[in-house]
Structures are given as C-alpha cells and as structure tokens.
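Here is a short report on selected local features of one protein model. Please look over the sequence and structure before reading on.

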Amino acid sequence: MKDKKVKTEPINKTQLRREPVTRRKLGEILVETGLISSEKLAEGLEAQKSSGKRLGQILIEMNLISEEEIAFALAMQLKIPYVDLSNFEIPQNVIETIPESVSRKFLCVPIALKNSVLDVAMADPLDLNMMKDLQFITGFSIQPAISTSSQIIEMIEKYYHPEKTIGDVADEFMGEELMEFLPEKEVEEEEEEHGIDMKDSPFVKMVDLIIKNAIKKGASDVHIEAQENQVRVRNRVDGVLQDSIKLPKWTQPIIISRIKVLGGMDISEKRLPQDGRIKVRSKNVSVDLRVSTLPTYYGEKAVIRILNKQEAFMSLPELGFSEKSLVAIQNFIAQPQGMLLITGPTGSGKTSTLYACMQAIKSDELNIITVEDPVEYELPGINQVQINEKVGLTFPFVLRSILRQDPNVIMIGEIRDVDTAEIALQASLTGHLVLSTLHTNDAPSAITRLVDIGMAPYMIASSVIGVVAQRLVRVICPECKEEYVPNPELLGRLGLDGKALPFKFYRGTGCSRCGNLGFKGRTVIEEVMVMSRKIRELTQASATADEIREAAMATGMTTLGISGLKKIEKGITTIGEVLKAVQQKEELTTICPYCGRGVSLDFRDCPYCKKPLVPTCASCGRIVQPEWVVCPYCRNDLKPS
C-alpha cells in the first residue's frame, strides 16, 4: 500500500473550530509556494465575489491551478495530511463504515480505522456539518485528511458494493406502490419523537422491499440477522429458510430501528428482547406482521412472522387430507360435544387445521369462542380472546369465564398444563365441542400425554372423540417434475429393492417458478385415530401408546408413514420429504412387493395377502438375505440349483 502523505500533524474537530483565528489564507499559501502569481490570485478573488464559490474551486474552473495543487495547499493551510488515493488499498470493514450515499453527498471516503478513530479522505474538510454527520453515522471519532474530488469519486466507484446497494434496492420501487403501515398516527408520532425523517428515506423502501418480497414468495417468516461483516435477510418458504438479500453491516441498526418504530417497540432498548405487531396494507394485499427482536453477539436480530389472511383461510379439502381422513375429521366437528385434538411438532400446520375446522362449522346458529396465545388470524363472526399472562389472563382463567358465555364451540390454542386440560375435558363432557392442540409425535401418544399431565383415564375416554396427528411435506413443483430412480440408501430405509420398484418415483429438477428448489407449496400427511370402543377400553385400562396404536391400526387407522407413502405413490412428494417428517422407525412403512399395499416395517408377513415380507428359511424359519443360496444356520438350500 503506497501513498504520499504530507507529514503534518493531524488535528481534530475542536482544532478546526479554533483554527480560523490564526489560519493563514489559502491565497497567500498559493502565492508563497509559487503555485500561482499575485495577478492570477486577484483575478480569482474578483471572480469569487460574483459567484459565491470557494476560492479553490474558482481557480480550478479558471484552469489556473490543478486539483492536486489546490488539495496540497489546503493541507498546508489546515495542517492536515494530504493523501494520494491513486494506489491506496482500503479494507472492506473500513469502506463499510460510511454509506455510499453519504460518501457521494460529502465527497469523502473512509481510508483507515484504528482504536475507534476513522481516517476519512475528503475534498472539503472545512465543512463542519459534514464532520458532525460522519461522527453521528459511523459512531467513530473522525480524523480528516484531504484528497482530490476525482480520486475520491474513483474510490467510491471502485469499492462500494458492485452487487446491490441501498440505492439500487430503493430504485426497484420506482413506479411501484409502497406499503402502508398501520396505525399511521402512532408511527408518525414515534418517528417525530426520535427525530427520524423516514418519509423519503431509502430505508423505508428497504423494509418495504424485504416484506413485499417475502409475501410475494409466500414466506411465513423473515429473518434479519446481524453478522460480523454484513446483514443477512432470509425467508422461510415452505418450512425451509432461503437467502433473500445481503446488506452492508451499517444498515443493520437503521433497519432494526425502522421495524421497531413500526411495531410500537422501544428503539432505545437494545439489550432486551421485544415483541410487536404491525398491520400492513397495500392495493393488492393486507397482512398482519408479528415482530420479535433478540440481542445477539453482532447486534439485534429481528424475525417477522407474516400472517397472510388471503392464504390463511384454507378449507379442510385444500389442506391435503386423504378422502378417508377428511370424512373422519368432518364427522368429528359435526358432533355436538366432545374433544378433537390436533397433534404434531411446531410448524406442522396444527393452527391452520383448527382454523379450517372453525371455518367449516361457522354459522349464525353457533357461538364459537377461541382462546389463543397470540391470536394469529382475525376470524369474522368468531369471538377471539388473546392470553395476557402479565395481567393474569391465563388459559384456565379465560376458560372458566368462557363457560359462562354460553358457547357451542371452544377452540383452545394449546393444552399446556393440568388446569387447562381439566377445564377443557369438563367442557367437552357438558355439551361443548372443544378443539385444541397437543405437542406429541403421533395420535396414540396424545392419550398417554393427557394421562401424564394428570387427567383421569375415565375422563379422557369419555370426552375425546378423535385425534389427528399431522406433518407438513413439500409438494414437487409441477413445472419441473420428472421421473427418477431413488438411490439404494433411500429405498433401503423404506425396505424396498431398487430392482423391483412397486411404483414410479418423482422429483423436481428446479425451475424459475419454484426458485430452483424443485418444490412449490406444502401438503399434509396425517394419522387420524377415531376413539372406538376398543380404544376407550384400553384408555380406561391405562394402556401404553403402543397398545393403543395396535388397536387403532386394527380398526383402520392409517399411520403417518403409510399416508406419506401414498403421497409418494401419487407423485405429490419425495421419499426424502417423508423421511424428514416421519422420523421414528415404528412410523415408517414399507410396500408389500406382492400386493403393493403399505405395511409396517416390523411386520414379517403382509396382513393383506399373507405373503412373507421378510425372507425366511423354510427349514429353520430364521431370517435370511435375498441373495443367499444356502441357510448359514441349518445348511438348507434356499434357491433351487
């Protein structure tokens, strides 16, 4: 790194303010150093009177002196370094300290950073307002140096983000309608209070772009993450996080502050997590946003949950349930009383199923009340209560009050404790239909979970009418769908042989419609358990989940694994997606090579066609491998010679 510097003692801003008292005039220095004659200086001073420009600029325009010469003279006058930027290398972490728009506005560029002191090369170091703004924007003490305008512009073009700057991103909004954030009045008051002029700021457009882009892609969440040298924005689409855009590090506090203002949060509090809510409205879309901020090592992270009303209200058939399961669920919600439980891990679509059930039974004849934490979607015609534990508005407290509100249907966001479970079960026994969720891996485990919470088995047997366990799997993109043969490892996990496939397998190759992922949208795989007489007896006898599962399968319950296999067979999803969703071995299934029906992996014979699923020796009955020609246990020939 080579540079030419005049070794003069640098000064700080305080010195700059005091300097005019003793500072020599620029014209005198130019004449003394022989850079210009007294006559030419007089011409320049005369021209300056009518133009109002600085003397140096006038002399350059009159071709009486070069940029380099005037910069050198200013360095001598102000006693600050002169920097030749022609062969100067600027580290990436330094260039990111000042936004490109600010560098262009003030004709300055950062060149070094050490011990919270930022060296900035500038064309006009006499601009004290610039010094204040730079110190405010960067958070560092500013050490001025002087260089020529043309060299500074070259450095700006060379170093500032060739990919996508804030200005470039903001330009994408030219001609497009900006989103309206509600309530406007509160936002404006907050912005005025903190002195933020956001009306025409590119950061308004940036936040707008991030949200609009996420909605356009059908994302459920937006993650704005502070990293060491950048800000990463990711969208969760179909349950998987995808990179959206990367921004310079300096944008992070401004974007987070903008989001906090919109969400009604405290922008001065950066040490604690905060939550907020934003309503967004534009010409074509209206969504609710739930915002959460979290202090991390490199700065605050924000996650925006997008609650899109247009896409939220899916009907039961649209969710992807099989015809058999759909009929069973419709029968459950048609009952005048009882409890229907929806189970599955976080992100398995339980809330969407509950809302679809309420949409299906909603009528003017029914009083439907929900208790949620928080209320995710506003449902017209339904009374929704949001939990607020800070003031004592808990699930048990609200439920006791709801029972005095003459409800027909009660929806409980989640059964978390013994009090909530007890009131819910009692409500289902006294003439109310109760819909709720539990976090269990499968349908039979919901019964044992209620017992573990502390519920009496006889109450569970009397009140629960059905349990639906579900997962979400991604759907193969129809535009780039192709037939293929899965690798032997995947087939082996399903107990299949690659030489004799029972049906065709499909995958997505990736196209512009699906963002080169091969998937577009999600569907449900489910396990619907009807509380039959046999299962009620087992529940009262405190049977294990495995015993309840065997009884449910004997009465026709389709397991998650078989439901997933049917989706694979129909070409809706892939083996990998099903294996990701159905993790436990007992839930995985195989295909009978003789009749093609789905059966459990631990079955030795097919219950439908009585054919052996696991090869055994006809002499000793022990399990053998298909390629063996002799039984290693009894020496019986396995294949005819």
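## Basis

This is a predicted model.

## The α22–α23 pair

Two packed helices are described by the angle between their axes and the distance between the axes. Helix α22 spans residues 533–540, and helix α23 spans residues 545–554. Their axes come within 9 Å and cross at roughly 170 degrees. Angles over 145 degrees count as roughly antiparallel, so α22 runs roughly antiparallel to α23.

On the α22 side, Lys534, Ile535, Leu538 and Thr539 make the contact. On the α23 side, Glu547, Ile548, Ala551 and Ala552 make it. By class, the contact of α22 with α23 has 5 nonpolar residues, 1 polar residue and 2 charged residues.

## Helix α24

Helix α24 covers residues 560–569 and is mostly covered: 8 of its 10 residues are buried. Leu560, Gly561, Ile562, Ser563, Gly564 and Leu565 are among the buried residues of α24. Lys567 and Ile568 are also on that buried list.

Gly571 follows α24. The phi of Gly571 is positive, near 75 degrees.

## Cysteines

The structure holds 0 disulfides. For Cys480, the nearest cysteine sulfur is that of Cys511, 3.8 Å away. A disulfide needs the two sulfur atoms within 2.5 Å, so Cys480 is in no disulfide.

Is Cys480 buried or exposed? Cys480 is buried, with a relative accessible area of 7%. Cys609 is partly exposed, with a relative accessible area of 24%.

Technical notes:
Residues numbered from 1 in each chain as written. Predicted model: local features only at pLDDT ≥ 70, side-chain atom pairs only at ≥ 80, totals over all residues. Heavy atoms only, no water. Axes fitted to C-alpha atoms, helices over the stretch in contact; angles between N-to-C directions. Helix = DSSP H or I, 4+ residues; strand = E, 2+ residues; numbered from the N terminus. Parallel < 35°, antiparallel > 145°, perpendicular 65-115°, else oblique. Contact = heavy atoms within 4.5 Å. Nonpolar A, V, L, I, M, F, W, Y, C, P; charged D, E, K, R; others polar. Buried < 20%, exposed > 50% of the residue type's maximum accessible area, 1.4 Å probe, protein only.
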